[in-house]
Amino acid sequence: MKNLLRYLITRVLLTVPMLLILLTLVFVVLRVMPGDPVSAMLGAHAPERVIEQKKEELGLNRPILAQYLSYLSQLARFDLGDSMIFKQRVSQPIVEKLPATLELTLVGMFFTLLIGIPLGAFAASRRRSSRDFAIRLYGNVVYCMPVYWMGLMLQLVFGVWLDWLPISGRTGSRAMPSLFERTGFYVLDTLLAGDLAACGDVLLHLFLPSLTLGIVLSGIFVRLTRANMLDVLKSDFILATRARGLPERLVVYRHALKNAFIPILTMLGLQFAILLAGAILTESTFSWPGMGRLLLERIYLRDYPTIQGVIVVFAVFVSLVSLLVDLIYAAVDPRIKY
Amino acid sequence: MVASLFTGCAKKAAPVKTLVYGTTEKVTDMDPASAYDFHTWEIFYNIYQGLLGYPPGETNIVPALAASYTPNDKGDEFTFKLRKGLKFSDGSPFNAQAVKWSIDRVMALKGDPSWLVTDYVKEVTVIDDLTVKFTLNGPVAYFPAVAATVPYYPVSPNVYPVDKIVRDITELKGGKLVGLGAYEAVSFKRDQEVVLEANKNYYGSKPLVPRIIIRYFADATTMRLALEKGEIDLAYKTMNPSDIKDLSKNANFTTYKLSGPYIRYLCFETSESVFKDKRLRQAIAALINRPEIVEKVYLGQNEPLYSMVPKGMIYHTEEFKTVLGDGNLALAEKLLKEAGFTAKKPFKFDLWYTPSHYGDTEVNLAEVMKAQIEKTPAIKVNIKSAEWATYKDQWKAKQMPVFLLGWYPDYIDPDNYTAAFAGTAGSKGMGINFSKPEWDALFTKEQTNTDSTARQQVFEQVQKMWTDEVPTAPIFQGNLFVFTKKNVLDVKIGPTLQFLYNVLRFAE
């Protein structure tokens with residue numbers, strides 16, 4: 001336990017320089033690229049005097065180093081600052097939009113694993129067969145597929161042609177989320193409100209965007225699971241389980257898969273970052289009101305603090321997931337000790 | 001099948017008749033003193049009102065919040081008599097003091113559209129509770145059209161701060177938009193949806209659809225699919241040309257084609273860039289082939305434009321067609337040679353566009369124009385792009401020698417299509433930096449003269465001069481398309497492009 005605690009503290013401390021490097025890069029890139037929030041705010045007709053006044057108000061006429069140090073000291077107090085464009089705390093839209101993105105990415109991850117792992121395991125168990133080839137082809141094709149194209153195709157097929165599922169938003173066009181919204185996780189909120197119809201509506205809206213994300217990322221899990229399974233299936237203990245007469249299904253899916261799971265877990269942590277990136281395009285395609293759309297919108301407006309705030313939050317979540325994955329290792333594999 | 005499991009136990013739809021309107025536009029500042037974009041103004045047309053306005057789908061100015069107005073003989077004072085008993089949507093009274101407060105606020109805050117007030121209005125005086133006088137800087141022939149624009153819309157002093165622009169409704173006292181329009185905004189989630197409900201305190205005819213939900217889409221194709229799926233009842237701005245073509249042929253939808261005064265044009269930086277020489281501007285303008293652009297890029301959905309004053313507007317002429325033509329290679333090469341450019345020594349420049357502000361077709365427009373211009377070996381074009389915030393910055397900094405822009409009118413008058421680009425003050429703001437005293441004198445003449453014959457002569461002369469100096473080159477005039485389900489009726493959007501929701505209705 002002492003070792004685990006030391007490990008946890010070390011990982012948390014390592015996150016700090018990672019965040020610092022990331023933030024510095026984002027901070028510098030935002031300020032050197034053309035355009036600024038004042039032009040975006042005031043438009044083409046504002047007098048020079050008004051523009052200069054606004055820049056002073058926002059601290060944009062200070063040296064970049066001074067702005068940077070000021071921002072770091074704010075972050076050290078866990079303060080993401082104020083939006084430069086809207087009179088609101090940066091945390092406000094993040095708190096509003098984050099649950100939508102997390103809900104999407106978590107369910108997307110669920111689909112990734114639901115599709116990728118069983119397919120990969122099956123392909124490994126049928127090595128060099130036509131089914132193995134088909135599954136590998138699937139893995140390669142979906143991984144190369146742009147997520148927005150996948151989303152559009154699913155919308156067209158399931159939303160329009162078959163008319164089975166809704167294609168945009170988190171709820172129906174005429175629904176009033178204010179009636180049940182509490183945490184921002186609509187599935188949870190509708191259950192807490194006891195509104196099963198609304199819950200159903202929310203799940204239906206969640207299905208296609210999360211499936212889109214899930215399918216695109218399942219490709220890599222198919223390949224990874226297959227590769228690890230092939231290694232494990234060659235092991236002596238697998239030979240022993242087969243020799244004991246266990247059904248092949250149990251050999252593959254209970255014994256081999258469990259041992260092949262560690263690298264898959266690692267990939268899960270890494271792919272969470274990709275999921276968040278994919279969520280940006282998915283949210284645009286499905287008009288999903290999450291952090292991805294918020295980020296795009298604020299880039300358009302040059303709202304520096306909000307852009308930085310969103311990236312900090314993304315980075316923190318990626319670090320947390322990565323840490324969680326490492327902790328799960330110990331639970332999954334008793335050989336791993338910290 | 002899965003859907004039906006849930007919809008089987010779905011709650012009944014809310015009893016309030018609701019129309020869902022999809023758009024890819026964005027809302028900017030929730031403040032008439034600062035917002036200067038098409039869509040936010042559209043929302044303001046419905047939740048606020050001006051002293052003057054337009055009936056749905058028409059171009060004649062009529063009294064709105066003001067029951068009447070009277071100009072003085074000189075035309076530099078306008079006295080408005082307000083309707084009695086008007087109230088903001090929160091029940092607070094509307095009076096002349098609120099009008100003065102609102103105009104003074106616009107002038108003090110100097111937001112993007114404030115020039116529509118400050119360029120014309122010297123001061124506003126309250127005569128009594130229901131009478132307010134606008135004293136202008138000088139006579140203005142078309143002041144009623146200007147006074148019908150959004151910066152003149154009164155806002156509640158109880159809600160808006162006097163000294164700050166409101167970007168978001170959370171900055172308003174009470175956190176709610178309070179206005180005098182047919183609707184009030186009851187819910188606002190930026191980039192997600194705005195919910196409007198009929199304003200109980202509205203003095204005019206009550207909306208036939210009591211609730212409008214505006215849903216914002218990031219992607220035009222998703223919006224199209226949402227319309228086809230029935231998730232939205234109406235889609236307006238901005239569909240891709242291929243989607244417009246398909247939906248127009250779809251018998252399940254009603255297509256409204258609006259020949260409005262929206263124009264697209266090329267701007268030249270005339271003071272410092274390579275386009276200081278007007279022969280080069282003339283050459284580029286001569287090389288543009290408008291019918292080809294309209295066909296290739298927009299699938300024939302727009303109209304070639306041969307003047308900055310759009311077709312259908314008073315005093316429109318087609319000088320560019322007669323003087324410079326389309327794809328006029330011979331003339332262009334002659335001009336280029338005079339300016340010292342040939343195939344051996346080609347004229348090189350950057351053509352700029354902004355990739356998303358005008359829709360996804362912009363890159364195609366730039367590519368087609370490049371191909372047209374490079375039909376002569378004496379020119380080499382390099383296409384560059386910058387996203388909107390940067391684009392505006394760059395034109396102000398004179399970093400773009402030639403760039404594509406679009407224009408929706410602030411008010412319906414040819415002045416808004418000419419002085420804004422070739423008058424010294426307007427031209428500077430647009431990054432064109434064109435300044436000629438004789439042009440400014442002509443603009444002053446038409447702005448201060450109420451005689452339509454005199455104004456016609458001025459505008460005809462200006463349009464002729466435009467083909468010589470070419471501060472901008474008109475390209476096409478846009479048609480806008482609205483698609484609705486068959487049961488949605490009375491979409492009335494006229495040449496003013498004001499979309500008033502209170503006349504929309506569902507078929508019985």
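Chain B of this predicted model has a mean pLDDT of 91, with 97% of its residues at 70 or more. For chain A, the mean pLDDT is 86, and 94% of the residues reach 70 or more. The model as a whole scores ipTM 0.76 and pTM 0.82.

**Confidence along the chains**

Within chain B, confidence is lowest in helix α1 (residues 2-7), where the mean is 44, and highest in helix α8 (residues 278-287), at 98. Residues 1-13 of chain B stay under 50 in pLDDT, and the model has 13 contacts beyond four places in sequence for that stretch. Where pLDDT is low, the predicted coordinates should not be read in detail. In chain A, the lowest confidence belongs to helix α2 (residues 37-42), at a mean of 68, and the highest to helix α8 (residues 186-192), at a mean of 94.

**Chain A**

Chain A has 13 helices and zero strands. Its C-alpha trace spans about 85 × 55 × 40 Å along the principal axes. Of the 338 residues in chain A, 41% are buried. Among the contacts in chain A with a separation of 6 or more, 74% join residues 24 or more positions apart.

After α10(A) comes A:Gly245, whose phi is positive, near 85 degrees.

**Helix packing in both chains**

Two packed helices are described by the angle between their axes and the distance between the axes. One pair from each chain is set out below.

| Helix pair | Angle between axes | Distance between axes |
|---|---|---|
| α5 (residues 91-125) and α9 (residues 196-233) of chain A | roughly 35 degrees | within 5 Å |
| α16 (residues 437-448) and α17 (residues 452-469) of chain B | about 150 degrees | 9 Å |

The crossing of α5(A) and α9(A) is right-handed. The residues of this contact between α5(A) and α9(A) comprise 23 nonpolar, nine polar and three charged.

In chain B, the angle of about 150 degrees between α16(B) and α17(B) lies over the cut-off of 145 degrees, and the two helices are therefore roughly antiparallel to each other. The crossing of α16(B) and α17(B) is left-handed. On the side of α16(B), the contact involves B:Leu442, B:Lys445 and B:Glu446. These meet B:Arg455, B:Val458, B:Phe459, B:Gln461 and B:Val462 in α17(B). By class, the contact of α16(B) with α17(B) has four nonpolar, one polar and three charged residues.

**A loop residue of chain B**

B:Lys87 is placed in the loop between β5 (77-82) and α3 (96-109) of chain B. This residue has 16 C-beta neighbours inside 10 Å and therefore counts as partly exposed, since a buried residue needs 20 or more and an exposed one has 12 or fewer. Leaving aside residues up to four places away in sequence, B:Lys87 touches B:Ser92, B:Pro93, B:Phe94 and B:Asn201. From B:Lys87 to B:Ile214 the separation is 127 residues in sequence and 25 Å in space, C-alpha to C-alpha.

Terms used
Residues are numbered from 1 along each chain as its sequence is written. Chains are lettered from A and ligands numbered from 1 in the order in which they are written. This is a predicted model: local features need pLDDT of at least 70, side-chain atom pairs count only at pLDDT 80 or more; totals for chains, interfaces and linings use all residues. Axes are lines fitted to C-alpha atoms, for helices over the stretch in contact, and angles run from 0 to 180 degrees between N-to-C directions. Helices (H or I, at least four residues) and strands (E, at least two) are DSSP runs, numbered from the N terminus. Angles under 35 degrees count as roughly parallel, over 145 as roughly antiparallel, 65 to 115 as roughly perpendicular and the rest as oblique. A crossing is left-handed if the near helix is turned anticlockwise from the far one by less than a right angle, and right-handed if clockwise. Two residues are in contact if their C-beta atoms, placed from the backbone, lie within 7 Å. Ala, Val, Leu, Ile, Met, Phe, Trp, Tyr, Cys and Pro count as nonpolar, Asp, Glu, Lys and Arg as charged, and the others, Gly among them, as polar. pLDDT is the predictor's confidence in each residue, from 0 to 100.
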